[in-house]
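Please read them with the structure open beside you.

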Amino acid sequence: MENSVLKFGGTSVGDFDKIREIAESLRDRTILGEKLIVVVSAMGGTTDELLSNVRRLSPAPKDDHIALLVTTGEQQTISYLSIVLEDLGVKTKAMTGFQAGIKTFGSHMKSMISGVDEACLLNALQENDVLVVAGFQGMNEQNEITTLGRGGSDTTAVAIAASCGMPCEIYTDVDGVYATDPRVYEQAKRIYSISYEEMMEMSALGAGVLETRSIGIAKNHSIPLYLGKTLSEEEGTWIMQDSKVLERKAVIGAALDEDIIHATIFEPCAESTLMFDLFKKFDQESINVDMISQMSGNDGCQLSFTVNDAESVLLDQIFAEIRLLHPDMSLILETDYCKVSIIGSGMRDMSGVASKAFMALNDSGIRFYQTTTSEISISYVVDKEYGKDAVESLATAFDL
């Protein structure tokens, strides 16, 4: 008997007709002998509506109260889907994150998974054909409900798959991974197999198809990961070990991230503790910093980096605190920039990628203000108004 973990996103369960169609598909798989753990998100728009209600009630609600509220969205979905499955004759159990043994740590709104009680899930699966688990949520050591942040249902599904030793299928409203967003570059090609490392880079650099942490868990536990369109017969994308990817290109994809703040800090004192104090605050507040570059000299030091613009309020608070400690610090925040990146594990073995990318941007008259590299990616900060042009230029140059 085969066991699998499936995940359905918010658009996939966006209305009752879609929930019924998914239930019928799950029933058909159980008839063929499968047992399934199904992780679901809140119905499309539910979480936004709940957060909108909060904004109407309070200007500064506590995170634990918000977490308690927004997790009700997933609990609605698991109830609806389980009710329909039972009506179809499928023995089903609905489980919240707590009931599924999802243990977390960290802040209430951006928790990390510390463990999954696989015995709880496997025992429940022996008595049922389908377990319907609420994604995006868990329980911390203080027995408080927490959320896993953006894309948390992906992380829930892959963590369960890793703990239970099952393959994982992620279903959403796109039919696989594309070399770049087709809404940005219409000629973008679909990718049918991609390495964990490449997918992690694409996700971290702005391709919002899968949550980065979920891919990292799959990689660490060698979990087969499939991304496809809900209830579609079209072939999707397999995410796998690098050694199993048949086609090897220098550049496999390009990503555009328009949701960034670009910060530049100058501290005239070369012996200042500014950098230590700043990154200590970032760590305390769980802020992810990207594209870091630093220059130091006798006349001081300069630091540039990017953060997601969703952190703007928290970032302002941090800089206000840092300025009290370092009054001579100067700060420039740019919100009209974006980040354009190219990704490919073939960069390890093929030369000339950086020069080809530079020439592509130069020939298109696109200026970049900062660039950073990793072993398998190159990122550029450019004016936001030229972001899509930059993606098209790079996609054309590398046949994406």
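1. In these notes, two residues are in contact, or touch, when heavy atoms of theirs lie within 4.5 Å. The model is predicted. With that cut-off, and not counting residues up to four places away in sequence, leucine 121 touches Ile37, Met95, Ala100, Val116, Leu131, Val133, Ile160 and Cys164.

2. Leu121 belongs to the largest nonpolar core, which has 67 residues. Together with Val5, Ile37, Val133, Ile160, Cys168 and Ile342, Leu121 is among the residues that touch the most other members. Helix α6, residues 152-164, gives the most to this core, with 7 residues. Another core lies apart from it and has 21 residues, including Leu6, Ile19, Val40 and Tyr226. As background, nonpolar side chains in soluble globular proteins tend to be buried together.

3. The overall dimensions come next. The chain has a radius of gyration of 23 Å, which agrees with the value near 21 Å that a compact globule of 400 residues would have. Taken along the principal axes, the box filled by the C-alpha atoms is roughly 75 × 50 × 35 Å.

4. The chain has 12 helices and 22 strands. Of the contacts between residues at least 6 apart in sequence, 75% join residues at least 24 apart.

5. How much of the chain counts as buried? The figure is 50% of the 400 residues. The chain exposes about 18,900 Å², and carbon and sulfur atoms supply 49% of that area.

6. On charge, the chain has 32 positive and 60 negative side chains. The centres of the two sets lie 3 Å apart.

7. Leaving aside neighbours within four places in sequence, alanine 94 is in contact with Ile78, Ser82, Gln99 and Val132. Alanine 94 and serine 79 are 15 residues apart in sequence, and their C-alpha atoms are 6.4 Å apart in space.

8. Serine 393 is found in helix α12, which covers residues 387-397. Serine 393 has a relative accessible area of 10% and is therefore buried, the cut-off being under 20%. Setting aside neighbours within four places in sequence, serine 393 is in contact with Ala360, Leu361 and Ser364.

Key
Residues numbered from 1 in each chain as written. Predicted model: local features only at pLDDT ≥ 70, side-chain atom pairs only at ≥ 80, totals over all residues. Heavy atoms only, no water. Core = buried A, V, L, I, M, F, W, Y, C linked by side-chain atoms within 4.5 Å. Buried < 20%, exposed > 50% of the residue type's maximum accessible area, 1.4 Å probe, protein only. Helix = DSSP H or I, 4+ residues; strand = E, 2+ residues; numbered from the N terminus. Rg over C-alpha atoms; globule rule 2.2 N^0.38 Å. Areas by Shrake-Rupley, 256 points an atom, 1.4 Å probe, with all protein chains shown as cover. Lys, Arg positive; Asp, Glu negative; His and termini not counted. Charge placed at Lys NZ, Arg CZ, Asp CG, Glu CD.
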